[in-house]
Amino acid sequence: MSSSLDPAVETTQTSASIQEVELAHTAGTYSKRPVVIVRGQGARLWDAEGNAYIDCVGGQGTANLGHANPAVVQAITAQAQTLISCPEMFFNDQRALLEQKLCAATGMERVFLSNSGAEAVEAALKFARLLTGRSEIVATMRGFHGRTFGALSATWEKKYRGPFEPLVPGFHHVPYNDLAALDAAVTDQTAAVILEVVQGEGGVHPGKPEYLLGAQALCQARGALLIIDEVQTGFGRTGKLYAFQHYGLQPDLLCSAKSIAGGVPMGATLLRPGLGELPPQAHGSTFGGNPLACAASIAALDYLQDHHLPEHAAELGAWFKDALEHIQSPLVREVRGLGLMVGMELKQKVTPYLQSLMAAGVMALPAGLTVMRFLPPLVITQAELEQVVSAVSGVLSSRPAKGEA
Ligand SMILES: *Cc1c(COP(=O)(O)O)cnc(C)c1O
């Protein structure tokens with residue numbers, strides 16, 4: 001356990017008592033695994049008993065830079081001693097530098113900073129309405145864009161939406177990777193089409209290049225904006241800084257979050273050059289663009305570029321996907337992915353296999369009911385991924401554990 005805890009607290013806080021306290025006080029909206037994670041380093045996690053895991057949950061996509069990344073830690077520490085709070089009513093050195101670097105790296109022109117993926121999506125939806133004077137949004141089946149009301153209205157999954165209806169009006173959902181369906185749905189009332197380049201929560205489904213480029217052409221022809229949601233695919237995950245860069249796409253609005261600030265909460269909505277002016281007071285966020293998150297994000301971006309993490313993700317991801325495809329098991333339906341965003345679809349529910357994998361020292365995520373999803377920190381080594389492959393192979397060839405994952 002962390003040595004900074006009061007020793008008295010440390011000795012009384014067993015894994016079981018920590019879980020008991022959290023279960024007594026958490027709002028209860030999450031299903032949790034029975035493990036207390038207390039430390040991370042690179043692509044490794046440790047629990048309160050000192051057991052080590054190879055981390056292919058990767059903070060649900062927020063840990064691309066690796067746990068306790070030294071550059072991020074250094075930047076946060078230095079900035080915390082300098083200035084943490086600075087609302088956007090003032091200018092700030094860290095914010096200016098970050099906005100400049102993000103635009104240079106993406107070809108976008110302007111940035112709205114917030115604190116999460118859902119907020120990055122909310123801003124994009126509001127900007128699309130504001131800039132087009134239209135109100136309708138076309139989104140996709142299996143798409144995931146967050147849990148706030150606007151983002152949830154763009155999200156497809158019934159179990160997320162159902163209990164909170166009525167949602168924001170004007171949203172339509174069409175099948176993903178189906179250009180004819182999109183063609184039929186985009187009208188002169190459409191403010192924007194919102195797409196993931198690889199659907200993440202929906203089961204790791206990569207978009208076909210001709211679909212994504214076709215969607216862009218359709219939007220241009222009908223005066224609708226193209227919102228690319230790269231909250232999960234961004235920051236090196238798929239083998240480029242942003243996944244749209246694989247295909248020469250030009251998003252009108254780009255949503256980023258998760259790993260953008262090395263694990264510190266941050267969202268960003270980027271606007272392409274020439275999209276038009278947003279009037280003062282049109283949108284805002286108290287924490288948005290705070291110097292602590294900006295300094296973390298600058299360090300994350302510099303580290304990612306200096307250490308060629310996107311290239312590493314492309315190479316290792318191709319190797320990993322291939323290795324998973326070579327696992328001989330009648331349980332596997334398909335392996336899909338791009339870079340180090342990889343999904344293995346099973347013919348059965350995935351939960352018991354994820355639990356067995358955890359017992360074997362590997363953390364992985366579900367994506368829907370039947371897909372095992374891997375989002376390791378991009379600093380993971382081939383040797384660590386070899387251990388993941390052998391653990392997956394072992395788990396698929398033995399009887400699964402029972403219970404929650
Ligand atoms: C995770 C995710 C979001 C929501 O991000 P939060 O930070 O949880 O609000 C939005 N879009 C995509 C594609 C995501 O993967």
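Predicted model: local features only at pLDDT ≥ 70, side-chain atom pairs only at ≥ 80, totals over all residues.

User: Which two parts does the chain divide into?

Analyst: The protein chain splits into domain 1, made of 2-62 + 308-396, and domain 2, covering 70-306. Their C-alpha centres sit 26 Å apart, and the contact draws 26 residues from domain 1 and 27 residues from domain 2.

User: How much area do domain 1 and domain 2 bury between them?

Analyst: About 2,000 Å², with 60% of it on carbon and sulfur atoms.

User: What about polar contacts across the interface: how many residue pairs are there?

Analyst: There are 14 residue pairs in polar contact between domain 1 and domain 2, counting pairs with both residues at pLDDT 80 or more. As for elements, those giving two or more residues to the side of domain 1 that touches domain 2 are α3 (58-61), α12 (309-325), β13 (332-338), β14 (341-346) and β17 (371-374). The largest share of that side comes from α12, with 5 residues. Sorted by class, the side of domain 1 that touches domain 2 has 15 nonpolar, 8 polar and 3 charged residues.

User: And how many salt bridges are there between the domains?

Analyst: The count is 1 salt bridge between domain 1 and domain 2. On salt bridges, have a look at R373 and E201: their side chains meet in one, at 3.0 Å from N to O.

User: Zooming out, how do I judge the overall shape of the chain?

Analyst: Compare the radius of gyration with what a compact globule would give. With 405 residues that would be near 22 Å, and the protein chain has 21 Å, so the two agree. Along its principal axes, the C-alpha trace spans about 60 × 55 × 40 Å. The protein chain has 14 helices and 17 strands.

User: Which residues are joined by a cis peptide bond?

Analyst: E165 and P166 are, with omega at about 5°. P166 lies in the loop between α8 (158-161) and β6 (171-174).

Terms used. Residues numbered from 1 in each chain as written. Heavy atoms only, no water. Domains from an automatic or database assignment. Contact = heavy atoms within 4.5 Å. Buried area = accessible area lost by both parts, 1.4 Å probe. Salt bridge = Lys/Arg side-chain N within 4 Å of Asp/Glu carboxyl O. Polar contact = N/O pair within 3.5 Å; in protein donor to acceptor, adjacent residues only side chain to side chain. Helix = DSSP H or I, 4+ residues; strand = E, 2+ residues; numbered from the N terminus. Nonpolar A, V, L, I, M, F, W, Y, C, P; charged D, E, K, R; others polar. Rg over C-alpha atoms; globule rule 2.2 N^0.38 Å.
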